[in-house]
Amino acid sequence: MQRFLIWTLFCMLGTTGLWAQQTEVVLSASSSAKLVLGMTAPKLLAAPKAAPLDEASVATEFTAVLKHDLDESGVFAMLQERLPADSAPAKAWKEAGAQWLLSTKLTKSASGDLRLEATALDTAAEKGAFSKTFDANEIVPLRYLAHTLADEMVKQLTGEKGVASSRIVFVRQLSPGVKEVFQVDRDGAGLVQLTRHGSLTLSPSVAADGRLVYVTYKGGAPEIWGQRKQNGPDEKFYPTTGAGGMVTSPVWSPDGKRLAFVQGDRRGNTDIMILDLGSGRARRLTDGTCINTEPSWNPNGTQIAFTSDREGAPQVFLMQDDGSNLRRLTGEGLYNASPSWSPNGAMVAYVSRFEGKFDLFVYKLGEGKAYQITTGVSTSESPAWSPDERRLVFTSNRFGTSQLFTTDLSGRQIVRLAEFAGCQSPRWIRGR
Amino acid sequence: MRYGNYLVPAAIVLTLGSLACTPPKTAEQIKAETQAAFNEGSQAFKDGKALASNPYLNDKENPHKAKGWTDGWNAAAADKAAADKAAADKVAADKAAADKAALDAKLAAEEAARKAAEAEKAAAFRKAAAAALVTVHFDYDKAEIKEKDRTILQGVADFMKAFPAAKVEIEGHCDERGTNEYNLALGNKRAAAAMAYLKTLGVDEARFTTISYGKEKPLCTEAKEACWSQNRRGEFKLK
């Protein structure tokens, strides 16, 4: 970012043109598999009586954000060096390596609303590859416009919307014994605290419609709290009356009508339960003779992956949502846990312990094989899928304290999402 | 007729003389006389004379004196009665106050003794609790009670038996290695294992609650075994 600003400053001083800045200098890693994208500076227009857009804020809040989003999309690589002038013909961009050339225009209306017009030119065919107009109310931050554009460009290329406008919900320690649920944009900006219980608050899960659920120790013993209605207040879900012993790990079913959760008894067993929010009735799926925890739904809500020590050490198992058809998923290793079923249902991410450290693995159900994602001297935990299934968010202590990271499925592009300390249990959700 | 000449002047002299000798008393005089008689009566009472000794009883000319004297006597008698009563009341009140003070002192002494006994008992309870409710530890990913922790649990059981009203929460904790959720389950298993062991020592399990904090409340946050072994623990807390 600093380099970007310096470049911007340098170019603005060095040229008479308003928008001659270019950013950064290296091509993204493994760009060969990606579409190389050139981008000219946004053209800024304003209605006769409108206050003009601030160039510096457009540069930091729009251009830089857009480039970061596209670079992290996994399908685009930003062209970063030997850039032709903005006014150069498509041919020049093609020779510089750009397969697409993106041009944007931001227009501010007299009322303050924004219009973003984006077009991408296929430099080889010299024809339009993408064209879209976005209208935004003046209160929408520029960076969200950039996220929206990036997501639409990814959709144009892959058929599925990108995840630049997605968010991460996670738990962060505020002081010893006090943890709360937070939300942050996928690019690490826009941190928002979602709970204020002043106690241990753990295991968040977000329904497709945005409703939050979690466990809080605010009343002493753990309780499941969440939103019954969209944007509604947080209320106690379970135990419905009295004390329910140990409860952990509530997870919304894909249709948002049921909660899988975990209840421990006084014998030391923990079981996977399903709470029907409509009737308020809870049903036990496992048989109460060992530890069963960490439920994760498959995308159509018919199966649950979970961790169990029924064969001695923790391993990942799968079962139907009525407890039948139980089978062990993980083979090797003495400690496999924290399963996370992928959004399309074909993969299960989990963690496995090796030499005292945990690493991320992905089990491909079709192949019946597990692939190791992270390797290293640090521990990686709590994998959760991006909505587009291209990346995993996880926590790692590779820089000391437990922080949020994302990785692609090759494990080669590990990116620190933000520098917040004391993070755990990230979930990756679509922006709304 | 010889004396006729003197009759008229004589009559005049007699009439005037009688008028001069017995002038009618004014209201002032009567008031003064009444007051004098009142004072005499009052004094007479103080001197111990009877009401019947009123010297004006036969003075038909001055009934106000008799009345004044009687009133004086009665007033003195009433004053004395009131004074006597006040004195008696004061004695009674003083006695009652003294009695109450004595009772209060007795009660306060009893209360203080009771409080002291309670404080002593509470102190003994706290001391016994502090001595008995010692943290036990577990091996990695295990919930079995260690051989060396059995004496600790025996101490917890003895404490529970010595103080039958005591209630204890057993907290299960884990080290940082392992997932948050699995460690919450493991902490529950550890708390349950400690409770089950205490049950075998004869303590009613209804006197225990269990709670798991998993790896969420470590005592020590360094990534080394010396720290982890402190965190894998079962704590006993008075409820």
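B:Asp141 is partly exposed, with 19 other C-beta atoms within 10 Å. The cut-offs run as follows: buried is 20 or more other C-beta atoms within 10 Å, exposed is 12 or fewer, partly exposed is in between, with C-beta atoms placed from the backbone. This is a predicted model, where local features need pLDDT of at least 70, side-chain atom pairs count only at pLDDT 80 or more, and totals for chains, interfaces and linings use all residues. Residues are numbered from 1 along each chain as its sequence is written, with chains lettered from A and ligands numbered from 1 in the order written.

| Residue | Phi | Location |
|---|---|---|
| A:Ser203 | about 50° | strand S10 (residues 201-206) of chain A |

Helices (H or I, at least four residues) and strands (E, at least two) are DSSP runs, numbered from the N terminus. A:Ser203 is buried, with 26 other C-beta atoms within 10 Å.

A cis peptide bond, omega about 0°, joins A:Tyr238 and A:Pro239. A:Pro239 sits in the loop between strands S13 (234-238) and S14 (246-252) of chain A.

Chain A is assigned domain 1 (2-158) and domain 2 (167-429); such bounds come from an automatic or database domain assignment. Their centres, taken over C-alpha atoms, are 37 Å apart. Each domain gives eight residues to the contact, which requires C-beta atoms, placed from the backbone, within 7 Å. On the domain 1 side, helix H2 (residues 55-72) gives the most, with four residues.

How values were computed
Two residues are in contact if their C-beta atoms, placed from the backbone, lie within 7 Å.
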